[in-house]
Amino acid sequence: MLLVFLYHILKLMETVVSGIRPTGNLHLGNYFGALKNFINMQNEHHCYFFIADYHSLTTHPTPQDLHGNVKQVLVEYLAAGLDPEKATLYIQSDVPETAELYLFLNMNAYIGELERCTSFKDKIRQQPQNVNAGLLTYPTLMAADIIIHRATKVPVGKDQEQHLEMTRQFSNRFNRMYNVEYFPEPQAFNFGQNLVKIPGLNGTGKMGKSEGEGNAIFLADEPEAIRKKVMKAVTDGGPTVPNQEKPEVIQNIFQLMSVVSSKETYDYFDEMYNTCQIRYGDMKKQLAVDMIQFTEPFREKIKELLSDEAYISKVARMGKEKAQESAAKTIREVREIIGFKSF
Ligand code: TYM
């Protein structure tokens with residue numbers, strides 16, 4: 001009886017997929033936009049969290065870019081609290097079935113829609129010397145990652161919203177094309193409220209690995225590095241009238257404070273701002289202290305895990321096996337739907 005009950009519960013659990021590119025160490029944007037949700041979801045969902053090393057080839061094509069970074073991200077997944085017994089943690093290139101589904105999806109993805117994708121437009125501006133086909137078809141590879149496990153929920157930051165829209169488009173198109181109801185419609189997900197965008201420290205835009213020196217606070221950063229970066233954060237001359245609207249650069253500092261500091265701290269500096277008494281130097285000092293404290297458990301755990309090669313390999317092997325099993329089933333069924341026959 002209990003086993004039957006457990007079987008039904010397991011069947012009802014939704015499937016979750018998400019990934020992070022190994023193009024550098026993980027920062028607070030990755031943590032609050034993605035990783036924090038991964039950890040919260042692992043108990044009540046079928047979770048697949050991977051390291052998107054195929055995707056990173058669109059911008060970082062050499063072995064030096066991959067080795068080290070893939071391991072680092074896996075270590076950071078574990079250090080942040082992902083449990084390989086609960087969630088399937090794997091490396092994207094360990095599951096080449098994804099590449100086959102990517103190929104199938106590309107047959108029904110149109111140049112026009114791919115060219116209109118904001119991330120493609122951004123990338124061709126950033127690397128005009130390397131506008132490769134992988135950049136153009138980035139959203140179909142991402143759709144393949146998600147629907148290879150037929151996931152319904154995808155924990156990501158705000159910047160991935162359009163990719164999720166395209167995933168639903170490709171999923172629905174496949175179903176219509178082959179007259180099946182095979183792939184679900186995956187939704188971008190964030191616990192509680194809207195998708196988040198954590199700002200960087202250099203005044204504009206989001207925190208990112210490649211948004212310029214000093215823009216991101218990494219989970220593995222040493223306290224002194226954090227202090228230096230925070231103290232250099234862009235501010236302005238200060239408010240001149242009470243309750244003045246905060247300009248973007250100041251709003252960014254407050255947003256960062258809202259995720260790492262206590263409510264009392266946030267309210268104190270908000271009050272200081274609204275009464276034109278704020279001293280940004282003091283605010284940044286406090287923000288640095290809170291960021292150092294927030295990242296401390298990650299920093300320690302990352303160091304510890306980095307030296308445990310055997311455990312890291314074991315986690316990667318376990319994940320590969322579980323992810324392959326799920327992906328192979330989908331590919332078998334997709335091949336059948338499309339009409340491939342083995343003779
Ligand atoms: P990537 O590697 O750029 O970022 C990984 C995750 O971190 C989130 N993120 C942020 N969230 C809030 N504020 C920020 N400043 C910030 N910076 C990054 C991203 O939204 C993302 O959730 N295309 C993906 C990787 C990917 C993927 C997938 C994700 C490949 N296949 C399938 C989900 C499902 C990317 O480049 O993420």
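These legends accompany close-up views of a predicted model.

**View 1**
The structure holds one cavity of 30 Å³ or more. About 50 Å³ of space lies inside the largest cavity. Its lining consists of Phe104, Leu105, Asn108, Phe170, Arg173 and Phe174. Two helices, H6 (97–106) and H11 (161–178), each supply at least two of the lining residues. The largest share, three residues, comes from H11. By class, the lining of this cavity has four nonpolar residues, one polar and one charged.

**View 2. Helix H11 and what covers it.**
Helix H11 has 18 residues. From first C-alpha to last, H11 reaches 26 Å, close to the 26 Å expected at 1.5 Å a residue. The buried residues of H11 are His163, Leu164, Met166, Thr167, Arg168, Phe170, Ser171, Arg173, Phe174 and Asn175. Phe170, Arg173 and Phe174 also line the largest cavity. The cover over the buried residues of H11 includes helices H7 (111–115), H8 (118–126) and H10 (138–147). Strands E4 (153–155) and E5 (187–189) are also part of that cover, as is H16. After H11 comes Asn179, with a positive phi near 55 degrees.

**View 3. The second largest pocket.**
About 450 Å³ of space lies in the second largest pocket. The elements giving two or more residues to its lining are strand E2 (46–51) and helix H16 (309–338). The lining has 21 residues. Those nearest the centre of the pocket are Thr15, His46, Tyr48, His149 and Ser326. H16 gives the largest share of this lining, seven residues. The classes are five nonpolar, nine polar and seven charged residues.

**View 4. Ser326 at the pocket.**
Ser326 lies in helix H16 and is among the lining residues nearest the centre of the second largest pocket. Is Ser326 buried or exposed? Its relative accessible area is 17%, so Ser326 counts as buried, the cut-off being under 20%. Leaving aside neighbours within four places in sequence, Ser326 is in contact with Tyr48, Ile148 and His149. Tyr48 and His149 are also among the residues nearest the pocket centre.

**View 5. Ile331 and its partners.**
Ile331 lies in helix H16. Ile331 is buried, with 6% relative accessibility. Which residues does Ile331 contact, leaving aside its neighbours within four places in sequence? They are Glu97, Glu100, Leu101 and Ile148. Ile148 is 183 residues from Ile331 in sequence, yet the two lie 7.5 Å apart in space, C-alpha to C-alpha. Ile148 is in contact with Ser326 as well.

**View 6. Ile217 in its loop.**
Ile217 lies in the loop between E5 and helix H12 (223–231). Its relative accessible area is 0%, so Ile217 counts as buried. Leaving aside neighbours within four places in sequence, Ile217 is in contact with His27, Leu28, Leu201 and Met207, among others. Its contacts also include Ile226, Lys229, Val230 and Met291. Ile217 and Gly29 are 188 residues apart in sequence, but 8.4 Å apart in space, C-alpha to C-alpha.

**View 7. The kink in helix H15.**
Helix H15 covers residues 280–306 and has 27 residues. H15 reaches 37 Å from its first C-alpha to its last, close to the 39 Å expected at 1.5 Å a residue. Where does the kink lie in H15? It lies at Thr295, shortly before the proline Pro297, and is about 45 degrees.

**View 8. Two loop residues with positive phi.**
Most residues other than glycine have a negative phi. Arg150 is not a glycine, yet its phi is positive, about 50 degrees. Arg150 sits in the loop between H10 and E4. With a relative accessible area of 29%, Arg150 is partly exposed. Asn243, also not a glycine, has a positive phi of about 55 degrees. Asn243 is found in the loop between H12 and helix H13 (248–260). Is Asn243 buried or exposed? Asn243 counts as exposed because its relative accessibility is 57%, and the cut-off is over 50%.

Terms used:
Residues numbered from 1 in each chain as written. Predicted model: local features only at pLDDT ≥ 70, side-chain atom pairs only at ≥ 80, totals over all residues. Heavy atoms only, no water. 1 Å grid on protein atoms, 1.4 Å probe; cavity = no way out; pocket = protein on both sides within 12 Å on 5 of 7 lines; lining within 4 Å. Points joined across faces, edges and corners; volume = space filled by probe spheres on them. Helix = DSSP H or I, 4+ residues; strand = E, 2+ residues; numbered from the N terminus. Nonpolar A, V, L, I, M, F, W, Y, C, P; charged D, E, K, R; others polar. Expected span 1.5 Å × (residues − 1). Bend = angle between axes of the 7 residues up to and from the residue. Buried < 20%, exposed > 50% of the residue type's maximum accessible area, 1.4 Å probe, protein only. Contact = heavy atoms within 4.5 Å.
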